[in-house]
Amino acid sequence: MSCLRVKVCVCQLSPSFSTLSQNEEWMNLKALVKEEKPDLILLNELPFGEWKGFYPNPTREGVEEMLKAHEEGFSTLVKELECPAILSTRPNGTFENLVNEAFIWTKVFLFSIYLFSYLFD
C-alpha cells in the first residue's frame, strides 16, 4: 500500500484582504507559501470582500465591484504564489444571474466545483 502526502495551507483571510497593495497580510501569505511550499491552498469563502449580491439592497455597482475585486485578487494570487492548486469560492456571473462558485485552480485549468445561486425578490 502506498500513501500520497499532500501539504495543505488553510487560510482565513480578513474581509478587507487585497493583493493590490503590499499590505502586511498579503506579504505574510506570500512568505508563508514560499517557506512552506504547500501542494494546495484552501482559502475562505469569497476571500476578496463581502458578498454584495443580496443584502441589504443589491446594486449593480456593488456587484460589479465585488466581481472585479475577486477577478483581480485571484489573478494576482495565481501569478505570485508558487502553489500547484488553490481551492476557494468567487462570485461569478452578472447582476441578474449571480452565483457563488466553488472552484479549484491549477496551473493547467480552472475547474468549477459547485454553483450556488441567489434569487432576488
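Does Thr89 count as buried or exposed, and what is its relative accessibility? Please also describe what Thr89 touches.

A: The model is a predicted one, and in it Thr89 has a relative accessibility of 15%, so it counts as buried, the cut-off for that class being under 20%. Thr89 lies in strand 3, a strand that covers residues 85–93.

Two polar contacts involve the side chain of this threonine. A polar atom of the Thr89 side chain lies 2.9 Å from the backbone nitrogen of Leu46, and the side chains of Thr89 and Asn100 are joined by a polar contact of 3.1 Å. When residues up to four places away in sequence are not counted, Thr89 touches Asn44, Glu45, Leu46 and Pro47, together with His70 and Phe74, and also Asn100, Glu101, Ala102 and Phe103.

Two of these partners, His70 and Phe74, belong to helix 2, where they are buried along with Gly62, Val63, Met66, Leu67, Gly73, Thr76 and Leu77. The cover over the buried residues of helix 2 includes strand 3, as well as helix 1 (24–36), strand 2 (40–43) and strand 4 (98–106). Helix 2 itself runs over residues 60–80, and its end C-alpha atoms are 30 Å apart, which agrees with the 30 Å that its 21 residues should span at 1.5 Å a residue.

Phe74 is also a contact of Leu43, which, leaving aside neighbours within four places in sequence, is in contact with Cys11, Leu13, Leu77, Ile86, Leu87 and Ser88 as well. Leu43 is among the residues with the most contacts inside the largest nonpolar core, a set of 17 residues in which Cys11, Leu29, Ile41, Leu77 and Leu81 share that standing. Strand 1 (8–11), helix 1, strand 2, helix 2 and strand 4 each supply at least two residues of this core, and its largest share, three residues, comes from helix 1. Leu46, whose backbone nitrogen lies 2.9 Å from the Thr89 side chain, is included in a second, separate core of six residues, as are Trp51, Met66 and Leu98.

For the chain as a whole, the secondary structure comes to two helices and five strands, which follow one another along the sequence in the pattern β-α-β-α-β-β-β. Of its 121 residues, 36% count as buried, and among contacts between residues at least 6 apart in sequence, 55% join residues at least 24 apart.

Methods: Residues are numbered from 1 along each chain as its sequence is written. This is a predicted model: local features need pLDDT of at least 70, side-chain atom pairs count only at pLDDT 80 or more; totals for chains, interfaces and linings use all residues. Side-chain values use heavy atoms; hydrogens and water are left out. Helices (H or I, at least four residues) and strands (E, at least two) are DSSP runs, numbered from the N terminus. The expected span of a helix is 1.5 Å times one less than its number of residues. Buried means under 20% relative accessible area, exposed over 50%, partly exposed in between (1.4 Å probe, protein chains only). Contact means heavy atoms within 4.5 Å. A nonpolar core is a set of buried Ala, Val, Leu, Ile, Met, Phe, Trp, Tyr and Cys residues joined through side-chain atoms within 4.5 Å. A polar contact is a pair of N or O atoms within 3.5 Å; within protein, one must be able to donate a hydrogen and the other to accept it, and residues adjacent in sequence count only if both atoms are side-chain atoms.
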